[in-house]
Amino acid sequence: MAIASVTHTGPAAPPPVPAGRSRSLTPYLLLLPGIAWLTIFFVVPIVTLFGTSLQVPAEGGETGVFVQAFRFANYVDAVTEYWAQFSRSFVYAGIATVLALAIGYPLAYMIAFKAGRLRNLLLVLVVAPFFASFILRTIAWRQILADEGFVVSSLKWLHVIPQTATVTASAVAVVAGITYNFLPFMTLPLYASLERIDPRLLEAGSDLYGNGFTVFRKVTFPLSLPGVVAGTLLTFIPAAGDYVNAALLGRQPGTAMIGNVVESRFFRIVDYPTAASLSFVLMAAILLLVFLYIRKAGTEELV
Amino acid sequence: MAQDTGGDLHLRDVTKSFGTFTAVDDLTLTIPQGSFFALLGPSGCGKTTTLRMIAGLEEPTVGSITLGERDITHAKPYKRPVNTVFQNYALFPHLDIYENVAFGLRRRGAKDVDKQVMEALALVELPHLARRKPGQLSGGQQQRIALARAVVNRPQVLLLDEPLGALDLKLRRQMQIELKRIQTEVGLTFVHVTHDQEEAMTMADTVAVMNHGRIEQMGAPSELYEAPSTTFVANFLGQSNLVTGRRIAADADAVTVLCHGQNLQVPVSRCGTEDVDVLLGVRPEKIHLGGEAQEVAAGLNRFAGGIVSDASFMGVSTQYLVRLPWGQDLTVFAQNRGIGEQYPVGSRVTLSWEPAHTFALAGDATAGVESDLAVPVG
């Protein structure tokens with residue numbers, strides 16, 4: 001014992017270098033397939049796309065032939081011309097995200113805390129729409145929200161909406177479609193984080209003089225924040241770039257989102273540089289928004 | 001220190017059933033204000049369910065719970081002057097230690113939150129951790145914070161659900177003493193649920209031993225230990241040697257029991273049964289081990305012809321297993337005071353003890369022994 005204590009009072013020996021382990025190639029070899037995949041299918045296309053975004057039409061060339069000119073003004077042109085579609089995309093995606101949260105949170109809460117034996121069945125039902133084609137489901141909403149359809153006429157009959165209102169091919173229909181299509185992406189992460197909450201924490205909250213609502217506000221909701229952040233990101237990011245809902249449920253150009261512009265620039269007008277620069281601006285804008293959002297939500301809290 | 005609005009906690013005819021399973025069976029119990037009360041029993045005996053009913057986390061199927069004059073049987077948990085230290089502490093992981101402790105005070109709109117929180121943290125000697133998150137604390141520290149979080153509200157009754165179960169032995173001992181100190185300091189009624197008999201005996205003024213949803217025996221720890229009234233208590237609280245016998249005579253002071261050919265005396269006050277078939281009990285440390293040739297004083301109960309079948313040296317004492325002529329092993333603890341003889345395995349010995357240390361019970365000799373503890377949690 002005495003000897004041991006003497007050695008401990010001496011200057012601390014430097015920690016031994018883990019021999020061979022840090023120099024091992026194994027981790028890098030294991031990373032290789034992933035890195036190769038990302039290089040071929042992400043880095044290369046991104047660089048190519050960036051190159052395309054700086055091209056100009058070849059002089060005297062045919063449609064669809066472009067030459068590299070490093071014309072950064074392509075970006076200025078794209079944004080000034082299509083800023084309305086950009087802002088519309090973010091507004092629609094924002095509203096749809098809020099709606100999906102408003103619908104998905106109670107749903108996930110019910111499944112996590114109140115469903116009992118029905119829990120797994122309800123989870124399957126949340127995912128069930130994926131079994132049908134995305135396009136078919138979106139087209140189905142055209143029927144559901146048709147002006148002469150059951151839903152709209154019922155709402156008119158109940159005087160919930162004015163008699164002159166039209167829903168077909170309106171912003172409402174597009175937002176409804178986006179909300180519907182991305183609801184599972186909101187609900188599942190919410191469920192995952194709610195389900196993880198130790199019920200004893202809720203009991204402790206109630207034991208410490210918190211009524212049902214207070215316990216929700218002070219314990220349940222803060223603890224479900226990782227799910228809220230994940231769910232809103234998984235909804236907002238694809239929703240902002242979505243073009244199917246606006247194409248099938250909206251009307252052009254009144255409800256066109258930036259995805260529709262990119263699609264038409266690429267495939268119909270064959271204006272690759274503009275489409276590419278729009279894609280890049282969209283990517284940058286989403287990255288910026290997500291960065292600000294995560295900063296605000298506090299990543300430290302999300303563990 | 002205790003508030004004058006307080007009072008004793010009464011449970012009257014309380015039954016709690018989950019489907020066909022009766023967790024707590026017609027329990028009637030009074031816990032005096034300011035006492036340290038322990039509910040002791042194996043897993044699934046209903047002790048935690050009892051605690052949860054007092055906390056308001058479960059509602060009794062039948063019966064009533066009153067605190068002083070107030071009927072709290074169906075009151076919501078947040079409307080009772082009762083706080084709980086949960087088994088795994090249940091500290092809020094998203095709040096720092098300060099806010100965890102302040103949680104109850106803030107909900108009730110207390111004014112001097114800061115002063116009270118710091119006092120509670122000082123009481124558990126961890127004021128320097130106020131800004132840490134629970135995840136950054138050790139088990140023992142979390143345990144103290146859980147205690148501070150409950151005590152800071154000065155509840156009329158503080159419930160402790162196996163609070164030391166997750167701690168290692170040394171820390172547990174230390175926390176037992178701490179808990180007792182804090183209870184004396186703040187003067188609250190503590191209701192402590194545990195399956196650890198030593199913990200219950202160290203801390204509580206009154207121990208209630210529960211089994212199958214009922215209280216087997218209740219009293220001061222020494223009372224339960226020295227005079228168990230059922231074989232379950234005799235085996236669950238410490239160890240007991242139980243030997244079958246037949247009552248053959250009784251006078252005003254003592255009952256004579258014939259055990260395997262040997263007449264043994266039990267004081268009438270320590271004879272818990274009127275049956276002819278009895279189980280005679282004696283605690284292992286009460287037995288004196290003597291060599292075969294050694295004279296046994298008159299008036300002592302004795303078993304002759306034992307053979308030491310196992311001897312484990314445990315430092316403070318040596319634990320002997322003595323095989324008696326009819327094949328039963330009795331346990332004997334002999335203190336290592338350096339004055340008695342050591343008996344190696346195979347020695348022939350005579351066991352002797354005071355009749356006053358003998359007790360007689362009816363029932364099953366194996367109730368409450370270790371194998372009985374494997375009952376799943378209800």
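The legends below describe close-up views of a predicted model.

**View 1. Interface of chain A and chain B.** In this predicted model, the contact between the two chains takes 18 residues from chain A and 25 residues from chain B. The buried area of chain A and chain B comes to about 2,000 Å², with 62% of it on carbon and sulfur atoms. On the side of chain A, the most area is lost by Asp207(A), Leu208(A) and Tyr209(A), which together account for 40% of what that side buries. The interface of chain A and chain B holds six residue pairs in polar contact, both residues of each pair being at pLDDT 80 or more. Two elements of chain A, helix H8 (199–207) and helix H9 (212–241), each give two or more residues to the side that touches chain B. H8(A) supplies the largest share of that side, seven residues. Sorted by class, the side of chain A that touches chain B comprises seven nonpolar, six polar and five charged residues.

**View 2. Salt bridges at Arg52(B).** One salt bridge is found across the interface of chain A and chain B. It joins the side chains of Glu203(A) and Arg52(B), at 2.7 Å from N to O. Within chain B, the side chain of Arg52(B) also meets that of Glu58(B) in a salt bridge, with an N to O distance of 3.2 Å. Both Arg52(B) and Glu58(B) are buried.

**View 3. The two domains of chain A.** The domain assignment divides chain A into domain 1 (34–71) and domain 2 (84–302). The centres of domain 1 of chain A and domain 2 of chain A, taken over C-alpha atoms, are 32 Å apart. Contact between them involves nine residues of domain 1 of chain A and eleven residues of domain 2 of chain A. Together, domain 1 of chain A and domain 2 of chain A bury about 800 Å², of which 87% is on carbon and sulfur atoms. Leu49(A), Ser53(A) and Phe66(A) provide 51% of the area that domain 1 of chain A buries against domain 2 of chain A, more than any other three residues. Helix H2 (residues 26–53) of chain A gives five residues, the largest share of the side of domain 1 of chain A that touches domain 2 of chain A. That side of domain 1 of chain A has four nonpolar, five polar and no charged residues.

**View 4. The two domains of chain B.** Chain B is assigned domain 1 (9–226) and domain 2 (239–374). The C-alpha centres of domain 1 of chain B and domain 2 of chain B are separated by 38 Å. Four residues of domain 1 of chain B and six residues of domain 2 of chain B make up the contact. The area buried between domain 1 of chain B and domain 2 of chain B is about 520 Å², with 33% of it on carbon and sulfur atoms. In domain 1 of chain B, Pro42(B), Tyr225(B) and Glu226(B) lose the most area to domain 2 of chain B, and together they make up 85% of what that side buries. One salt bridge is counted between the two domains of chain B; the side chains of Lys286(B) and Glu226(B) form a salt bridge at 3.2 Å, N to O. Four residue pairs, both residues at pLDDT 80 or more, are in polar contact across the interface of domain 1 of chain B and domain 2 of chain B. The side of domain 1 of chain B that touches domain 2 of chain B consists of three nonpolar, no polar and one charged residue.

**View 5. Further salt bridges in the two chains.** Over all chains, the count comes to 26 salt bridges. In chain A, the side chains of Asp271(A) and Arg265(A) are paired in a salt bridge at 3.1 Å, N to O. Asp271(A) has a relative accessibility of 16% and therefore counts as buried. Arg265(A), at 16% relative accessibility, also counts as buried. In chain B, the side chains of Glu99(B) and Arg106(B) form a salt bridge at 2.7 Å, N to O. Glu99(B) is partly exposed because its relative accessible area is 23%, and Arg106(B) counts as partly exposed at 36% relative accessibility. A network of salt bridges links Glu125(B), Arg144(B), Glu178(B), Arg181(B) and Glu185(B).

Technical notes:
Residues numbered from 1 in each chain as written. Chains lettered and ligands numbered in written order. Predicted model: local features only at pLDDT ≥ 70, side-chain atom pairs only at ≥ 80, totals over all residues. Heavy atoms only, no water. Domains from an automatic or database assignment. Contact = heavy atoms within 4.5 Å. Buried area = accessible area lost by both parts, 1.4 Å probe. Salt bridge = Lys/Arg side-chain N within 4 Å of Asp/Glu carboxyl O. Polar contact = N/O pair within 3.5 Å; in protein donor to acceptor, adjacent residues only side chain to side chain. Nonpolar A, V, L, I, M, F, W, Y, C, P; charged D, E, K, R; others polar. Helix = DSSP H or I, 4+ residues; strand = E, 2+ residues; numbered from the N terminus. Buried < 20%, exposed > 50% of the residue type's maximum accessible area, 1.4 Å probe, protein only.
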